[in-house]
Amino acid sequence: MKPLRCLILAKGAASVSDTAHLESDADFRKASVPMMVATLAVQRALAVLPERHEGEVKDFGLVVGVDHGELEITREFLCTLADRGMARPFLFQSALHNATLGFLSLRFGIVGPGFTTSTHYFAGEDALSLADSLIRGGACQACLAVGVEVTSEAMTPAVVAVRPVVDRPGSGAGALLLGSEAFAARTGLAPIAELRSLAAERVGKGLEEIRAFGGFYGADAIEKIARTFSPGQSEVLSLEKPDGSRSVIELVTP
Amino acid sequence: MTGIGVVSPAGLGIAPLYESCVKGETLIAPDKALGVPTGRVPMAVLDRARQDLAASELAPAFLDATPGTEAEKPLLMTGSALLQALGTQGASIFDKDTGLIFATTTGHIASWEKDLPRYARGDVSPEAFASSFKDYPLTRSLAGFVRQTDCRGPFQVLTSACAAGAQALVLAELWLRVGKAKRVVVGATETLTNLTAKGFGCFSLLAPDVARPFAEGRVGINLSEGSAFMVLSREDSAPHYGMVLGGATTLDAFDMTRPHPEGRGIHQAMTQALSGANIPSPLIDWVHAHGTGTPANDSSEATALRMLFGEASPPVTSTKAIHGHALGASGLLETALVFEAMRRGEILGIAHAAALDPSLGIPVQRRLEKRPVRRTLKTTLGFGGVNAALVLERGDVT
């Protein structure tokens, strides 16, 4: 059986500062900042989808890569519980790592296959890899791979204490729309790149190779591709992690 | 599926958990620490797990936390279940063709959730808090093992709430089918935490006594803990406990916490799993349902099952009245029970005596029944509207 090719058809990225206008939006009344920033990234990726194909979004796959998860909401839930003896339902439902997946599914009406992956420094790479597997395996013809992380200001000193080599944790979101060749042909979307290979060296080589990273977070591989990769390029992205581990993503022009 | 390992409130291995289900002896007991009945893994079981690991090649990977602490517990549970599943093959099977998928909802949060409010109030320094908070990545339980094996094959840590364990099997089947791996080690671990106890409590989803899935007047779930691992391989000739013929996962896009009232998402997952397995619904002998015991879950699942099977539904069981709901680990723990039941030629019963809810309209299996079971449909549902369904087939190991 000839393996399906997996193409990157659209990309979007968003920063936390982009979400300011959403705070007064009733649709986002129960949204955490990661949910908002991920929503914007997905909206930007889907903007290229021709209107006549918008109805197909519901059948897309959806994979969210996140490392910290909802650390700020978790902090708020546990502190409210400890200080006031109150457990708030909204905070609990949003505290789980899976919360952004659920929110995006609701927001975009996606009922296809959905996963949250939290493989620490490789959450972004693994979201991309999982989306690729879903398409190659025929579970869906198109899949959104989303990498998102929003670092809690209150938790930053603790995160830095755990990861002393990180200058400060970063925040942001990226979304890539992956699709099969058949989907690209049907929708007329011009491929930005083909995901040729993705390899991870998960074990750091030792302290001597550790160096400081500014704004690093576990799910940022997708955001890096969304922000920096240009159609027509072929590129091997080598993403080094704070502990000396790294990933290598090969993107080629179709 | 060629290897299996289980840690549950009943003990180590699938046998004690299965025997509890056969006898109808619930493992749910009052829990002073959390204030609600739960299914806890006893200290004696953890002690045994520590001993087994200490005598194994996995000791460096799983015995790096202070004994008796919350930080150690998920490591012992994960390490022991993995050790059992690997059996005599050991960690040597981890080459570039071996995938690893782990599922959890809260990971090691129990080891730092108590300290967090003190840190937030400024009572402890970031450096002091870091001694427990360092365990926050959900990869923590397997971090040592990944270092030990160099983990060159594909790896995922799935955190899709209560569906994560079953999703791990869905993904393993996919990886094997598309050739991403030649074998996949799949595991899931969940421990009891204040976060989940108070969180589910504030939604009024916890039962004040033993949960009664599919019963009239059911009020909620019992939280529990446990770990399960399985080794799946494409080698058809190997003796095996069972097969994952197909699997699928879907989203509801309905609500963050409630399942779709008409069970649309789980119905779609079941339909896709059967289609992927190329098995028509009349060839399913048994349904092992998620059956948490909440009014909404059981109603949603029953509606979906009626839609799928019509008037010809096979018997439906939930065993959560025995072992409780281990959240992200539940799908894998219960799949282990299904494989064991099929191996023994038995259908497990619902294991509570409460009157069943006639409005559900499904044939709930009351008691254990000796009957050959070739294929079982397994379902799970989770927060965020995530659903997963598996088509499982009996193996050739007797």
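## Ground rules

A residue is called buried when its relative accessible area is under 20%, exposed when that area is over 50%, and partly exposed in between (1.4 Å probe, protein chains only). Asp115(B), with a relative accessible area of 24%, is therefore partly exposed.

This is a predicted model, in which local features need pLDDT of at least 70 and side-chain atom pairs count only at pLDDT 80 or more, while totals for chains, interfaces and linings use all residues. Residues are numbered from 1 along each chain as its sequence is written, chains are lettered from A in the order in which they are written, and side-chain values use heavy atoms, with hydrogens and water left out.

## Chain B as a whole

Let's start with the build of chain B. A compact globule of 398 residues would have a radius of gyration near 21 Å, and the 20 Å of chain B agrees with that. Here the radius is taken over C-alpha atoms, and the globule rule is 2.2 Å times the number of residues to the power 0.38.

Of the 398 residues in chain B, 66% are buried. Now take the contacts (heavy atoms within 4.5 Å) between residues at least 6 apart in the sequence of chain B: 78% of them join residues at least 24 apart.

## Where the two chains meet

Chain A puts 56 residues into the contact and chain B puts in 57. Between them the chains bury about 4,600 Å², with 71% of it on carbon and sulfur atoms. Buried area here is the accessible area (1.4 Å probe) that two parts lose on being put together, summed over both. On the chain B side, Tyr136(B), Leu251(B) and Met256(B) lose the most area to chain A, together 15% of what that side buries.

There are also 19 residue pairs in polar contact between the chains, both residues being at pLDDT 80 or more. A polar contact is a pair of N or O atoms within 3.5 Å; within protein, one must be able to donate a hydrogen and the other to accept it, and residues adjacent in sequence count only if both atoms are side-chain atoms. Several elements of chain B each supply at least two residues to the side that touches chain A, including α5 (116–120), α8 (164–178) and β9 (242–251). The biggest giver is α9(B), with 7 residues. That side of chain B divides into 33 nonpolar, 13 polar and 11 charged residues.

## Salt bridges

A salt bridge here is a side-chain nitrogen of Lys or Arg within 4 Å of a carboxyl oxygen of Asp or Glu. Arg121(B) sits in the loop between α5 and α6 of chain B, and Asp83(A) sits in helix α2 (residues 71–84) of chain A. Both ends are partly exposed: Arg121(B) has a relative accessible area of 44% and Asp83(A) one of 45%.

Back within chain B, Asp115(B) meets Arg118(B) in a salt bridge (3.4 Å, N to O). Arg118(B) is partly exposed, at 36%. Glu262(B), partly exposed at 41%, forms a salt bridge with Arg264(B), the closest N and O atoms being 3.1 Å apart. Glu19(B), Glu340(B), Arg343(B) and Arg344(B) are linked in a network of salt bridges.

## A buried glutamate in chain A

Glu125(A) is in helix α5 (residues 123–136) of chain A. At 0% relative accessibility, Glu125(A) counts as buried. Its side chain makes a polar contact with the side chain of Lys241(A) (2.6 Å). Leaving out residues up to four places away in sequence, Glu125(A) touches several others, among them Leu198(A), Gly218(A) and Ile249(A).

## Two positive phi angles

Most residues other than glycine have a negative phi. Ser204(B) is not a glycine, yet has a positive phi of about 55°. Ser204(B) lies in the loop between α9 and β7 (223–224) of chain B and counts as exposed at 57% relative accessibility.

Asn278(B), also not a glycine, has a positive phi of about 60°. Its place is in the loop between α10 (264–277) and β10 (286–288) of chain B, and at 66% relative accessibility Asn278(B) is exposed.

Key:
Helix = DSSP H or I, 4+ residues; strand = E, 2+ residues; numbered from the N terminus. Nonpolar A, V, L, I, M, F, W, Y, C, P; charged D, E, K, R; others polar.
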